[in-house]
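Please open the structure in a viewer and keep the selection panel at hand. The stops below are meant to be taken in order.

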Amino acid sequence: MPNTSHIPTIIVTGSGGQLGQCVILALRDFEGANILTFGKDELDITDFKALERLFQKTNPDYFINCAAYTNVEQAESESDIALLVNATATEGIASLCVLHNTVLIFPSTDYVFDGKTKTPYTEHAQPSPLNAYGASKLAGEQAIEAIMTDYYIIRTSWLYSEFGHNFYNSMVAKFKAGTQLTITTEQIGTPTNAHDLAAFIVSLIKNKPEAYGLYHYSNMGEATWYDFAQAIYDFSSSFKAASLGTTNHYATFAARPAYSVLSKDKCIKVFGTTVPHWKESLKQLMTHHL
């Protein structure tokens, strides 16, 4: 249960990352809330003593942990660091949340799955990560579930926004330059606008449903990376005549699930959430961003 203070205190870590920035924007109109944001230079979540001091000083009602190790390729050679940030630090945060009666919100990933199915993954599906990044996020989930009851773990997929390094920003830059590209069709998932995920997270705090647990949230529909790239190209008339081709294989260091579409049925049923289709959300972002 969150604290019952008149003015809720909300901590957002990872404020410099794309999801952190989107969450902070979504919190702008949250009147009567004390919002504290921390980038990696301001708070090292692997420093338990620093976390302890922060909790003692602020006694937060909600802790949104957007700080994460997210470099999927690099995690293969730095699996110990990925585990430290995504699992060990998360366990420390969870233990402090229990002590201070704080609700933890932990974004996770579709990469906890191996992609061997052909139907959208529900929250009951058995995780089996193929890469170190997915394994580290799953370990973070398990640490939370082992010691907490008041939490929201929210798995998402293929996040993009105008912030940071992501597929969308990379494609926009390459299309503007008129680059010839070959994009893989071997993976199927759902591009998800980070602003939509941020809005969902903030709605949990505003509405206080207290239906705690594990949820999946991504945009509706499914696509290959090629489909995503093609849609980005199609939704703007300002790009040069870039060439876009397909390939059924793209070599990566980290293995990725061939199919990682998430079912939003639980999210819609429990919270009445309206989840936009990925193409609609992409078009909306591009209308405002480009």
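This is a predicted model: local features need pLDDT of at least 70, side-chain atom pairs count only at pLDDT 80 or more; totals for chains, interfaces and linings use all residues.

Residues are numbered from 1 along each chain as its sequence is written, and side-chain values use heavy atoms, with hydrogens and water left out.

Begin with L104, Y168, I183, F228, I232 and L282, which touch the most other members of the 53-residue largest nonpolar core (buried Ala, Val, Leu, Ile, Met, Phe, Trp, Tyr and Cys residues joined through side-chain atoms within 4.5 Å; buried means under 20% relative accessible area, exposed over 50%, partly exposed in between, with a 1.4 Å probe and protein chains only). Helix α4, residues 79–99, contributes the most to this core, with seven residues; helices (H or I, at least four residues) and strands (E, at least two) are DSSP runs numbered from the N terminus.

Select α4 next. Its 21 residues reach 29 Å from first C-alpha to last, close to the 30 Å expected at 1.5 Å a residue (1.5 Å times one less than the number of residues). At V85, α4 bends by about 30°, the angle between axes fitted to the seven residues ending there and the seven starting there. Buried residues of α4 include A82, V85 and L96.

Move on to N101, in the loop between α4 and β4. The phi of N101 is positive, near 60°, and N101 counts as partly exposed because its relative accessibility is 37%.

Finish at W158, in the loop between β5 (151–156) and β6 (159–160). W158 has a positive phi of about 50° although it is not a glycine, and at 7% relative accessibility W158 counts as buried.
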